[in-house]
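Visitor: I would like a close look at a single part of this model, and then an account of how other parts are arranged. Please keep it plain.

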Amino acid sequence: MISDNLSFIPLGGVGTVTKNMYVYEYQNQILLVDCGLGFADETMLGVDLLLPDISYLLQAVKSGKRIIGMGISHGHEDHMGGLPFILPQLPEFPIFGTPFTAAMANKKLQEFGIINKVQPVAFGESKEIKLGPFALHFIRVTHSVPDTSHIFIKTPIGNFYHGSDYKFDNTPFDNQASDFAGIQKAGDAGVLALMTDCLGSEREGITPSEQGMEKNFLEVMQKATGKVIVTTYSSHINRLNQIVWATEKAGRRICFVGRSLIHAIEVAKMEKKIFIPKGMEAQIDDLKFIKPSGLVLLVAGSQGQENSALTRIVDGVHKDVQLASNDVVIFSSDTIPGNEVLVNSVIDEIARQEITVYYSGISHDFHVSGHASQDEMVKLLSLVRPKYIVPISGNYRHMAAYKRLAKKHGFPNSNILLAQNGQEYLFSQQGLRPGKRYPIKTVYVDQISGEEIEDFVLLDRQRLSTEGIVVIMAEVDEDTGKLFQDPDIIARGFSAADTNAVRKIVSRSVRNAFQRNQKQLKNSVFIRKLIRDIAEREISQKLKRKPLILPVVVEM
């Protein structure tokens, strides 16, 4: 007999800010919300990304359950970045997101050869999506990416309000304020449970508005005698619009540097979310003809990512941009937890070169959080009026702080759930109780193949000790995907003769593979995979060895 419960299972996003993915299941039909990824820290050697563990979904599908659809709350990597790695493992199902969210997700999927999987849904009362026993309604809220939504989910046992990342900015730069009437209407319909962003729950008051920050950028641009280099989240289109506005007022030209940023700008232009006056945008090849005092560079790499445009500029290895002593660098972003070492190392290197650098540790003039503070959280509670509350998208200290806040405003302790990833929670008209516990493991991904790395540290150590390591460093033209020169090969754990053989075999094979490839290789993920596959095959065939292969692609 099928029970009349709704099962809610977080697969990621609880106890951590990233890897957001949530299961709503009713009578063997599964609705998914979000499909995010996480980011490796400096201790995770050989790992680029972290993914939600979808073992439960794989087993559910195998047992006859059906995934009937997915809703994506907004276009940030920690909510939709896992799509190209997760979707190939699952059967086909419809995916929905608001217009900019869908455009960003589809742009990412296209890089992996997956075309237009996410269907755009406009905001509005009539835009309800029916998926089996579920009905989804997207409600506009403000955040640090356009078209962010909360998702109101109707089910046979009650309504759920999935309140992912948000803040209530009454004066956003794009004038698209949160839909308080829509939130109120959802609350009036009755909400059994509110799943809510809790990242800012330790912060009193309200989160400052984005409005007015453009004047701070303008002031720096007017005073600077050299280039002004700004780095921020590529998807923060409102911030990019503010920088464009200030650039125009300062009489400078703007250039976008870095693939992720250029991709976001392409989507923003397509969706009419960014406005650049004619003649103001400069291409990177034009920079040598423009005086530094007339330039603003918007550069990808605010999290200190290795091989990002900003890191290469700071290290002096970018082929088109070099730092000068009278330049100014602005970090218009917060550091994502886990990236502190990377970001601080970039800031330190800028400071070592005696170049002026602004960052959140010394100035709040160039960034405000995209997440609600306590007063905004209380306002959402008062509008939605849920019976149960489940804090999500935060570390446990944020979840605990949210619980204290909700209790302070009259919600009983027993109705505020500090969830755990992999724990099933059964909602019914009679109440809430825990269900089964499904094991959740950390899924490490090398981004080359998108495949999971099992016990990666132990396996890598074992392989290094018996088979050695080969590092292949290839300089690739980021516009054409062609090799600048033969790759540099570093081999360790081999005899002198075998080391020479590895260099000759791998260098020749990689060069020939690039020459044979008729398509321009512009995706670094696939370039790295191509190099690794070739090296593994050739070394195995010629030397009967299986060393650890580490391809390093430097886009220039």
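In which strand does Gln-423 lie?

Guide: Gln-423 lies in strand 20, which covers residues 423-428. The model is a predicted one, and what follows is to be read on that basis. Buried here means under 20% relative accessible area, so Gln-423, at 12% relative accessibility, counts as buried. Leaving out residues up to four places away in sequence, Gln-423 touches Phe-8, Ile-9 and Pro-10, and also Pro-434, Gly-435, Lys-436 and Arg-437.

Burial can also be followed along a whole strand. In strand 12 (residues 158-163), 6 of the 6 residues are buried, so the strand is largely enclosed by the rest of the structure. Both of its faces are covered: Gly-158, Phe-160 and His-162 are buried on one side, and Asn-159, Tyr-161 and Gly-163 on the other. Strand 12 pairs with strand 11 (residues 149-155) in the antiparallel sense through 5 bridges, and a hairpin of 2 residues connects strand 11 to strand 12. Within this pairing, Lys-154 has Asn-159 as its bridge partner. Strand 12 is also joined to strand 13 (residues 193-197), here in parallel and by 4 bridges; Gly-163 stands opposite Thr-196 of strand 13.

In soluble globular proteins, nonpolar side chains tend to be buried together. The largest nonpolar core in this model has 67 residues, and those with the most contacts inside it are Met-21, Leu-32, Leu-57, Met-70, Leu-83 and Phe-217. Helix 4 (residues 99-110) supplies the largest share of this core, 6 residues. Apart from neighbours within four places in sequence, Leu-83 is in contact with Cys-35, Met-70, Ile-72, Pro-88, Ile-95, Ala-105, Leu-109 and Val-118. A second, separate core has 54 residues, including Tyr-26, Val-141, Ala-186 and Cys-198.

Elsewhere there is an open sheet of 5 strands, paired in parallel in the order 15-16-14-17-18. Strand 15 (253-257) and strand 18 (356-358) are at the edges with a single partner strand each, so one side of each has no neighbour in the sheet. From one strand to the next, the twist averages 20 degrees. Strand 17 (residues 328-331) pairs with strand 18 over 3 bridges, in the parallel sense, and Val-328 stands opposite Thr-356 in strand 18.

Helix 6 (residues 213-223) lies across strand 14 (228-231), strand 16 (295-299), strand 17 and strand 18, and runs at about 165 degrees to strand 17. Helix 8 (residues 259-270) touches strand 15 and strand 16, with its direction at about 115 degrees to that of strand 15.

Helix 5 makes the contact through Phe-180, Ile-183, Gln-184 and Gly-187, and helix 11 through Lys-379, Leu-380, Leu-383 and Val-384. By type, the residues of this contact divide into 5 nonpolar, 2 polar and 1 charged.

Note on methods
Residues are numbered from 1 along each chain as its sequence is written. This is a predicted model: local features need pLDDT of at least 70, side-chain atom pairs count only at pLDDT 80 or more; totals for chains, interfaces and linings use all residues. Side-chain values use heavy atoms; hydrogens and water are left out. Two strands pair if DSSP finds at least two bridges between them. Axes are lines fitted to C-alpha atoms, for helices over the stretch in contact, and angles run from 0 to 180 degrees between N-to-C directions. Contact means heavy atoms within 4.5 Å. Ala, Val, Leu, Ile, Met, Phe, Trp, Tyr, Cys and Pro count as nonpolar, Asp, Glu, Lys and Arg as charged, and the others, Gly among them, as polar. A nonpolar core is a set of buried Ala, Val, Leu, Ile, Met, Phe, Trp, Tyr and Cys residues joined through side-chain atoms within 4.5 Å. Buried means under 20% relative accessible area, exposed over 50%, partly exposed in between (1.4 Å probe, protein chains only).
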